[in-house]
Amino acid sequence: MSITVNAAFDSGNIRLTGIEGDTLNLEIVRDHQSDFYQWFHFRVAGAKGRRLTFRITNAGGSAYAFGWPGYRTRMSTDRVAWRQVADTDYADGVMRWTAEIDSDLVWFAYFAPYTMEQHDALVARIGGEPGVTVRELGQTLDGRAIDCLTIGTGPKQVWFYARQHPGESMTEWFMEGALEKLVDPNDATAQALREKATLHLVPNMNPDGSFRGHLRTNAAGVNLNREWHTPTPERSPEVLCVRNAMDETGVVFAMDVHGDEAIPANFLAGYEGIPAWTDPHGEKFYEYGRRLAAATPDFQLELGYVKSAPGQANLSMSTNQLAERFGAVSMTLEMPFKDHDANPDPEFGWSPERSKKLAHSCLDTLAGMIDEL
């Protein structure tokens with residue numbers, strides 16, 4: 001049987017450029033109408049019993065090529081367990097890995113995928129739980145729904161939203177964990193939070209990009225996290241409908257969930273540099289981070305992004321915009337494509353299960369601070 005490579009499915013992305021013996025040469029396809037690329041997800045058939053080497057030959061031109069060193073490809077034979085391929089390396093602009101294939105079909109991905117089918121199943125499952133309201137806030141350029149699940153009856157208005165950048169699939173795993181915790185009738189902390197806050201959760205801000213196998217943009221090639229100052233129906237209806245819904249409720253706390261290609265850790269980015277910044281208000285953000293670090297070994301405070309200088313915050317980014325617009329304690333959570341090096345897992349690296357558990361810790365931390373917001 002000849003080897004075949006296929007990415008013609010929900011969230012798939014790869015182009016086969018040639019097979020030379022046991023070596024497959026591949027290219028990642030750019031986001032539509034954009035130069036961004038880095039996400040890949042494909043399957044291989046007809047390779048059982050062979051040891052194959054895969055070479056992504058255009059890795060050096062990807063959006064975050066500096067993130068490849070230290071990265072490990074994810075591999076699965078059942079699309080449930082996604083293990084790291086130990087023999088992965090990056091040199092001279094080529095990302096390469098070698099794997100023993102012991103099944104008729106095998107899948108490879110940049111990170112454990114979260115498909116639109118999984119998204120729809122999650123919304124249906126959680127939406128059927130008591131006390132949950134599901135709203136379609138708007139539609140994307142491809143006509144897909146922007147789903148929002150609202151849970152709780154308290155006066156504090158809280159927003160969690162994820163996957164503005166569709167290739168950051170760990171973020172929807174995070175949202176699955178958050179939603180499961182919030183509807184757990186045996187979780188006293190979650191129930192207390194529901195009494196003090198109304199939580200609005202948008203599991204996927206960019207379903208078009210997710211389905212198309214994009215790294216960072218929507219169907220128009222637009223980076224949604226640079227649209228929050230002036231979103232439009234033509235470029236960024238996803239942001240427009242979510243921001244409009246936030247305008248209706250107000251926001252006291254917001255978390256924008258992301259993945260970072262290079263930094264091997266979980267960390268928070270805040271809103272330093274906004275015009276309305278005050279040290280007492282910013283201290284609430286810093287205190288949240290300190291409490292989260294104390295709550296779980298899967299979070300740390302040493303690694304992260306450089307803070308914006310006073311008055312230099314980019315208000316087109318959601319965290320800055322929401323802090324300025326609403327006075328919200330607003331933050332971006334970044335999770336790694338690699339591993340959380342301070343607390344590593346050699347087999348799975350940073351994983352869906354760990355993303356879900358981090359969501360639990362984030363909600364527990366929020367519950368302990370909700371009266372202070």
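Colleague: How do the residues of the lining of the largest pocket divide?
Modeller: Keeping in mind that this is a predicted model, the lining of the largest pocket is made up of 14 nonpolar, 13 polar and ten charged residues.

Colleague: And what volume does the largest pocket have?
Modeller: The largest pocket has a volume of about 850 Å³, and of the 37 residues lining it, Phe267, Leu268, Ala269, Gly270 and Tyr305 are the closest to its centre.

Colleague: Which element gives the largest share of that lining?
Modeller: That is α6, with four residues, while the elements that each supply at least two include β15 (253–260), β16 (267–269) and β17 (329–336).

Colleague: What about the second largest pocket, what is its volume?
Modeller: The second largest pocket comes to about 200 Å³, and among the 14 residues that line it, Val80, Ala81, Ser351, Pro352 and Glu353 lie closest to the centre. Helix α8 (residues 352–369) contributes the largest share of this lining, four residues, and the lining as a whole divides into seven nonpolar, two polar and five charged residues.

Colleague: Switching to helices, are α5 and α7 roughly parallel or roughly perpendicular?
Modeller: The axes of α5 (residues 237–249) and α7 cross at roughly 25° and come within 12 Å; angles under 35 degrees count as roughly parallel, so that is how α5 and α7 are described.

Colleague: Which residues meet there?
Modeller: From α5 there are Arg243, Met246 and Asp247, which meet Leu322, Arg325 and Phe326 of α7, and the residues of this contact divide into three nonpolar, no polar and three charged.

Notes:
Residues numbered from 1 in each chain as written. Predicted model: local features only at pLDDT ≥ 70, side-chain atom pairs only at ≥ 80, totals over all residues. Heavy atoms only, no water. 1 Å grid on protein atoms, 1.4 Å probe; cavity = no way out; pocket = protein on both sides within 12 Å on 5 of 7 lines; lining within 4 Å. Points joined across faces, edges and corners; volume = space filled by probe spheres on them. Nonpolar A, V, L, I, M, F, W, Y, C, P; charged D, E, K, R; others polar. Axes fitted to C-alpha atoms, helices over the stretch in contact; angles between N-to-C directions. Parallel < 35°, antiparallel > 145°, perpendicular 65-115°, else oblique. Contact = heavy atoms within 4.5 Å.
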